[in-house]
Amino acid sequence: MPDGKLSLSAFTGSIKQMFDAIAPQYDLLNKINSFGLDALWRRKLADTVTREDPELILDLAAGTGDVTLALAERNPDATVVAADLSRRMLYRTLYKALERGLSDRVKIAEVDALNLPFEEGHFDAVTCAFGIRNFEDIPRGLSEMYRVLAPGGVVAILELCEPVTKPVNDLYQIHTRKVIPFVASFLGSDEDSYRYLHDSIAVVPNREEMEHLMIEAGFRHTRYTVFLPGVAALYVGYKARFSAEMCAIKDHFGKLLARATD
């Protein structure tokens with residue numbers, strides 16, 4: 001865990017306080033509120049990253065570590081850094097890692113995703129599940145992901161979104177506006193925090209908008225998949241192995257070589 005106290009904006013500080021408060025009920029509420037689908041979506045993210053065979057992975061907005069642990073289990077030679085604003089969330093991640101015998105490869109870091117304390121090109125993969133909507137500045141957060149990602153590395157972002165078909169969207173609005181806050185209150189969690197959930201999903205860029213922001217941050221070969229029933233999407237992108245300048249030089253020498261062999 002990086003040394004020193006985090007210097008946070010008022011918005012980011014309020015997010016930290018909110019997740020510290022809901023940490024004890026977080027896992028249970030996720031399962032209830034998503035009807036268990038969140039586990040399937042996280043597995044899809046972990047499988048996507050695992051195909052790239054990374055050795056060092058940064059899991060941003062790691063929460064209580066479900067994605068972190070899935071990545072560690074699927075990549076037995078990799079180290080996974082669980083990074084989050086909430087220390088209480090991170091402690092739960094560490095406890096789970098100890099239970100599963102993964103503590104030697106799971107590290108925790110209390111960080112602000114907009115000011116990552118890692119060197120450029122440090123990680124082979126960067127992930128973020130259900131957290132980017134809580135970034136005060138999403139373009140800046142994407143730029144930080146790009147900065148710390150190694151050339152050729154993969155980024156995988158899982159985020160909630162609103163359904164586009166009206167019947168499903170009508171049910172979704174009832175579920176997020178009424179059902180989820182009620183369940184949270186019934187289980188002793190903060191009802192207002194889960195009302196914020198609906199509001200944050202409504203305003204976060206999604207589908208083409210999110211992919212466009214990823215491209216603007218520098219990611220290439222971007223794509224996204226929306227999971228049924230249309231309430232979550234997985235966004236994937238890559239950092240080019242060579243800079244634009246190196247690609248231009250490579251093309252230039254390639255043309256010279258072609259002429260020399262004619």
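A residue counts as buried under 20% relative accessible area, exposed over 50%, and partly exposed in between. In this predicted model, Ile174 has a relative accessible area of 49% and is therefore partly exposed.

Ile174 belongs to helix α7, which covers residues 166–186. Together with Leu171 and Val179, Ile174 makes up a nonpolar surface patch, and the accessible area of the three residues together is about 280 Å².

The model also contains an open sheet of seven strands with mixed pairing, ordered β3-β2-β1-β4-β5-β7-β6. The edge positions are taken by β3 (106–110) and β6 (220–227); each has a single partner strand, so one side of each has no neighbour in the sheet. On average, neighbouring strands of this sheet are turned by 15° against each other, direction ignored.

Strands of a sheet pair through backbone hydrogen bonds, in either a parallel or an antiparallel sense. Strand β5 (residues 149–160) and strand β7 (residues 232–238) are paired in the antiparallel sense, over seven bridges. Glu159 has Ala233, in β7, as its bridge partner.

Two helices that lie across strands of the sheet are listed below, with their angles to β5.

| Helix | Strands it lies across | Angle to β5 |
|---|---|---|
| α3 (residues 37–50) | β1 (56–60), β4 (123–129), β5, β6 and β7 | about 170° |
| α6 (residues 138–148) | β1, β4 and β5 | about 145° |

Conventions: Residues are numbered from 1 along each chain as its sequence is written. This is a predicted model: local features need pLDDT of at least 70, side-chain atom pairs count only at pLDDT 80 or more; totals for chains, interfaces and linings use all residues. Side-chain values use heavy atoms; hydrogens and water are left out. Patches are made of residues with over 30% relative accessible area and no salt bridge: like charges are joined within 9 Å, nonpolar side chains (Val, Leu, Ile, Met, Phe, Trp, Tyr) within 5 Å. Accessible areas come from the Shrake-Rupley method with a 1.4 Å probe; for residues, only the protein chains shown count as cover. A salt bridge is a side-chain nitrogen of Lys or Arg within 4 Å of a carboxyl oxygen of Asp or Glu. Helices (H or I, at least four residues) and strands (E, at least two) are DSSP runs, numbered from the N terminus. Buried means under 20% relative accessible area, exposed over 50%, partly exposed in between (1.4 Å probe, protein chains only). Two strands pair if DSSP finds at least two bridges between them. Axes are lines fitted to C-alpha atoms, for helices over the stretch in contact, and angles run from 0 to 180 degrees between N-to-C directions. Contact means heavy atoms within 4.5 Å.
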